[in-house]
Amino acid sequence: MSVHANGDDHWQKTGKGTVRERCEAIFNQELLSDVKFAVCNFQGGSESKTIPAHKFVLAISNPVFYAMFYGELAETKDVVEITDCDYEGLLECLRFIYCDEAKLTPDNVMQLMYLAKKYMLPSLADKCSVYLQDNLDASNVFNVLPEAQKYEEMDLLQQCWKVIEKETEEAVKSDSFVTIQRSVVEELVANDLINIKEVELFKAVGRWAVKECDKQGLVAEGSVKRRILGELIIQKIHFPAMEQKEFADVVLDSDLLTLQEMKDMVKYFNSVLNNTVGFLESQRGSLLKRQVSRFKLFVFNNGWKRSSKFYDYIFLAVDTSIKLHSVRLFGSHNTEYTASLTVKAMEEVVFRSKRRSYSSNVKQSEQGEYDGFEIEFKPPITLKENIKYLFKADICGPPSGYGQDGQPSVNHSKVKFCFFSHDAQATCVEEGQFAEFLFSLH
């Protein structure tokens with residue numbers, strides 16, 4: 001055995017005053033070595049390369065190496081074969097044990113994360129996690145996320161989803177997207193915070209299904225792709241959030257939906273559907289529409305009557321600026337109404353719609369279903385914080401349902417909605433019209 005370290009016969013007299021410096025001096029050196037690791041050459045080929053090491057240094061670093069060299073079943077061979085990593089990966093892992101540092105690169109960080117978990121080196125695992133977070137982007141996030149899940153690196157996992165939510169469209173176009181597990185696809189389509197047009201999300205899911213069919217040697221036709229995807233993924237696609245042309249151009253040709261689902265969607269786009277469409281209607285991400293209801297109870301006995309001189313009013317103020325997309329009003333089942341809506345702030349008209357016909361159908365809210373119709377703001381209007389807005393609905397038609405147990409204030413998505421009654425009108429804070437307000441954060 002050589003007594004040299006880095007070619008210095010007097011290596012102990014070179015001013016290495018710390019334990020770290022002394023360990024660094026014998027790292028990957030034959031000096032005092034009493035074990036070798038034989039590991040595959042990272043350049044390929046059948047030959048392996050060896051790394052000299054020191055049982056004592058390794059044993060005091062963690063319990064895995066202690067058990068390996070000093071436990072009841074201690075390794076007695078001079079050469080230990082390692083088959084689950086390459087030479088460069090193990091070398092950097094040992095460098096960390098000897099020197100408290102590792103030369104992390106995109107090519108070795110995943111393997112070092114694995115070795116850190118295998119040999120119980122939490123500090124190395126933390127360094128790998130931080131490195132991955134610092135170098136995370138849309139092109140590699142779907143490579144990193146499965147590893148973060150496998151190793152239960154929660155900070156890294158959270159950062160992965162932040163990148164996915166912010167750069168969704170780029171992320172799903174990466175080569176690694178089609179390699180992820182179905183469980184990750186399920187999480188993706190269930191996430192309303194992702195920033196992507198629904199039709200682009202659908203295309204990405206379709207690409208994933210085709211790739212999965214190829215892996216399993218299956219013909220990528222509609223019914224097979226649907227089985228591969230599973231109902232959970234299909235039901236979480238927001239088909240109603242697509243443009244009608246996008247749905248016709250992309251979804252219909254995919255053959256992923258049943259005939260009844262396609263019929264319902266065609267009726268939905270033409271406003272003649274008499275029941276719920278069966279898919280979520282909201283946009284995602286920065287366009288995500290949130291629904292806030294001011295009532296705890298919906299009344300279905302069509303007891304809300306009106307006349308030609310009857311208007312419905314409510315005041316609304318918010319403590320944070322929002323974009324208001326639409327207002328939902330109560331109706332009765334399968335009934336036609338004509339209506340207009342005016343919104344004012346300090347007597348200034350913010351929005352005024354023309355009178356038009358609306359079909360009342362089933363609406364879904366957090367409190368349950370009710371019959372109603374929706375007046376949209378195109379484009380959405382901005383409600384500024386701490387300004388009281390007056391909403392006036394002029395509705396003509398048969399009696400309708402209405403809301404009861406109205407709340408003077410409702411907190412939703414960190415926005416406080418405050419409602420106020422208008423003088424001498426039937427609709428008030430406690431009961432009446434204005435079932436829901438659909439908004440997004442400014």
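Predicted model: local features only at pLDDT ≥ 70, side-chain atom pairs only at ≥ 80, totals over all residues.
1. Let's start with helix α15, which spans residues 259–269: its buried residues are Glu 261, Met 262, Asp 264, Met 265 and Phe 269. Looking down the axis of α15, you will find these buried residues within an arc of 160°, so they line one face of the helix.

2. After α15 comes Ser 271, which has a positive phi, near 60°.

3. Now for a spot on the surface. Phe 56, Ile 60, Tyr 66 and Tyr 70 make up a nonpolar patch there, and together they have about 480 Å² of accessible area. Ile 60 sits in the loop that lies between α2 (55–59) and α3 (63–70). Is Ile 60 buried or exposed? Its relative accessibility is 59%, so Ile 60 counts as exposed, the cut-off being over 50%.

4. Ser 293 counts as buried because its relative accessibility is 8%, and buried means under 20%.

5. Which backbone atoms does the side chain of Ser 293 reach? One is the backbone nitrogen of Phe 295, at 3.3 Å; another is the backbone oxygen of Ala 435, at 3.3 Å. Leaving aside residues up to four places away in sequence, Ser 293 touches Phe 298, Gln 367, Gln 407, Val 410, Ala 435 and Glu 436.

How values were computed: Residues numbered from 1 in each chain as written. Heavy atoms only, no water. Buried < 20%, exposed > 50% of the residue type's maximum accessible area, 1.4 Å probe, protein only. Helix = DSSP H or I, 4+ residues; strand = E, 2+ residues; numbered from the N terminus. Arc of directions from axis to C-beta. Patch = residues over 30% accessible without salt bridge, like charges linked within 9 Å, V, L, I, M, F, W, Y side chains within 5 Å. Areas by Shrake-Rupley, 256 points an atom, 1.4 Å probe, with all protein chains shown as cover. Salt bridge = Lys/Arg side-chain N within 4 Å of Asp/Glu carboxyl O. Polar contact = N/O pair within 3.5 Å; in protein donor to acceptor, adjacent residues only side chain to side chain. Contact = heavy atoms within 4.5 Å.
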